[in-house]
Amino acid sequence: MAVRLDKPWIPLTADGVKQLAGHLGVYQLANDAGDIVYIGVAGGRSLFGLKGELEAKLKAPPAGATQFRVEVNMAYSTRHKELLGAYRNDHGGDLPVANTDVDVRMLGRLSPG
Amino acid sequence: MDLALSDEQRMIVDMVRRFVREEILPLEENLDPDADELPPEELARLVEIVKEMGLYGLDTPPEYGGPEIDLVTRSLIAIECSQHRAGLYAPCYYAFGGARQAQMFEATDAQKDKYLYPMLRGEKKVFFGLSEPSGGSDPARAIQTRAVRDGDDWVLNGTKLWISGADRADYGLLFARTGGPGRKGVTCFIVETDWPGFHVRRVVHTLRSAKYATEIQLEDLRVPHENILGEEGGGFSIASERLSRQRIPYAAECIGVAVKANEMAVEYAKIRETFGAPLSSRQGIQWMLVENEIDLRTARLFVLDAADKADRGESYRMESALAKLIASEASGRVVDRSMQIHGGLGVAKDLPLERWYRELRIRRIGEGPSEVQKHVIAREIFGSGLH
């Protein structure tokens, strides 16, 4: 499994989100240019899993978010941390602009190469 | 062996049990079922409570500020601390001081100032880098990471796998081959994670979320000669000493989650009715709970026996292996039966059983698989000539 998500983006629209099921996993939101603005997780307490999380983001999207992609993953917790770590490695230690819900003190340092 | 707890041990067990019930369980109601840590401020609050209890730094020797407890008491605490959802790999979310790298006590005075004391104060995090893709059960032969002397430095190249906490650590212990094959060719180095050539390449996703493993790559990592821990070629004895002793509380933690799972199963069997009668009236269920009781008591006896031997200064290599083997396998069976009794609810994330089931499966492999424990026991039976 590649460290970074490399799936095609799907428009963040009602039709796009409708394709999702209630699985647990991780997701990314991006702007029109494909820049990641948020990395999220559908964990064990997410109502309707990825579908529920993306429906909530569709109703109140982070600034600039127009597309998304998901990865169904039961190891959602460690995968979420890995995606955040890889993003920080690629962006000088910064988090995606809308990830104000993440405490960087609880993240590690990755250098996936 | 006298199995009766002393007054002090009983007081400590009661205190830790209350701490888990009053401080940890309520917190977990609002955490993700796979959560493995608390926000730093919350953890700091719990640490203060544990310090008031006089139990902070459980694995720190008293001369370095740890509590004056023997290994039996340490094991009793481990059984209590793991009785919550995250308890197997994140007992009480590390409020009792977290993992300590016991090898650091072998350090020189200069190394202690620079690395040991900041670790003990909780200011710095440390990882333990022994296993490699070539294997972890037989490090004396499996280690392929190479360290080559270059002036006042050593240059390390290789890959480490299954290393917990390397991405969060400030420094760690890395074992590399400095000599020929076998035990005497392995040396332990203290390396800092921000040195050029140290890379955490990925998280290794497994059945557990807590204390996740990572893969480390070393590319011409330069380590000063003064950062050798112990003696050149003495790395293996440093590593193996730790593994024997730590297997005992490691085994005790398995019992803790099994105790809790069994309690849940007993309660559920009393209230859940099928075909007009409670589960507890069914012989099939009764026998599962009897087998749970046998497994729990057996595991507890073997763990406390190993701890008692160690406390008395006797050889406990065989007892340690028996304790780890029996506790990890018996606890896995207890949780499995407890899930079965709960039916569909047992496999749902609503209850902690599914997490314990996943994580206990790892315990039959981590810190030496069951087969390696049997090999250790067989070696004790037949003598050290067994290969």
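How many bridges join strand 2 of chain A to strand 4 of chain A? I found six bridges between strand 2 (residues 25-30) and strand 4 (residues 67-72) of chain A, and these two strands run antiparallel. I note that strands are DSSP runs of E with at least two residues and helices are runs of H or I with at least four, numbered from the N terminus, and that two strands pair if DSSP finds at least two bridges between them. In this pairing I saw A:Val26 opposite A:Glu71.

Before going on I wrote down the ground rules. The model is predicted, local features need pLDDT of at least 70, side-chain atom pairs count only at pLDDT 80 or more, and totals for chains, interfaces and linings use all residues. Residues are numbered from 1 along each chain as its sequence is written, while chains are lettered from A and ligands numbered from 1 in the order in which they are written.

Next, the whole sheet of chain A. I read it as four strands in an open sheet with the order 1-4-2-3, paired antiparallel. Strand 1 (10-11) and strand 3 (36-42) of chain A stand at the edges with a single partner strand each, so one side of each has no neighbour in the sheet.

Helix 2 (residues 49-59) of chain A touches strand 2, strand 3 and strand 4, and its direction makes about 25° with that of strand 2. Helix 3 (residues 76-90) of chain A also packs on the sheet, touching strand 2, strand 3 and strand 4, at about 165° to the direction of strand 3. For these angles, axes are lines fitted to C-alpha atoms, for helices over the stretch in contact, and the values run from 0 to 180 degrees between N-to-C directions.

Is helix 3 of chain A mostly covered or mostly open? I found 13 of its 15 residues buried, where buried means that 20 or more other C-beta atoms, placed from the backbone, lie within 10 Å of a residue's own. Just after helix 3 of chain A, A:Gly92 takes a positive phi of about 60°.

Last, chain A as a whole. I listed three helices and four strands, running β-α-β-β-α-β-α from the N terminus on. Of its 113 residues, 36% count as buried.

Terms used. Two residues are in contact if their C-beta atoms, placed from the backbone, lie within 7 Å. A residue is buried if 20 or more other C-beta atoms lie within 10 Å of its own, exposed if 12 or fewer, and partly exposed in between; C-beta atoms are placed from the backbone.
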